[in-house]
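Have your viewer open and your selection tool ready. Here is a short tour, one stop at a time.

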Amino acid sequence: WASERLRNDKDVALTAVRDDKPGPEPARALGIASKRLRDDRDVVLAAVREHGTALEWASERLRDDRDVVLAAVRKHGRALEWASEHMRNDKDVVLAAV
């Protein structure tokens, strides 16, 4: 695992979440990023655009961000599971997930 300093480095986080390897590992990269970066809109958008299920590790604030949630569910409908209740009640978000 990366040091705390590197887990708080935006460039490292962006590289990790944009990894194009198949499987769940790149999506989990957001989960090991610092709390600050899991609340960074740029980092989270990059993550969910590559791997929608990365929404699981986004901050509560960003799980309620319509653009972030739409990007996530468009990539992987199952990401709706980690969206805020407010977003799960948004018709456009739900339709994008199915």
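A salt bridge here is a side-chain nitrogen of Lys or Arg within 4 Å of a carboxyl oxygen of Asp or Glu. This is a predicted model, where local features need pLDDT of at least 70 and side-chain atom pairs count only at pLDDT 80 or more, while totals for chains, interfaces and linings use all residues. Residues are numbered from 1 along each chain as its sequence is written, and side-chain values use heavy atoms, with hydrogens and water left out.

Select R41 and D67 to start: their closest N and O atoms are 3.0 Å apart, in a salt bridge. R41 sits in helix α4 and D67 in helix α6, so the pair ties together parts 26 residues apart in sequence. (Helices are DSSP runs of H or I, at least four residues, numbered from the N terminus.) R41 is partly exposed at 30% relative accessibility; that class lies between buried, under 20% relative accessible area, and exposed, over 50% (1.4 Å probe, protein chains only).

Next, pick R66 and D92, another salt bridge, with the closest N and O atoms 2.9 Å apart. Here R66 of helix α6 is linked to D92 of helix α8 (residues 91–97).

R61 belongs to helix α5 (residues 60–63), and D39 to the loop between α3 (25–32) and α4.

Stay with helix α6 (residues 66–75) and click on R74. Is R74 buried or exposed? R74 is exposed, with a relative accessible area of 61%.

Terms used:
Helices (H or I, at least four residues) and strands (E, at least two) are DSSP runs, numbered from the N terminus.
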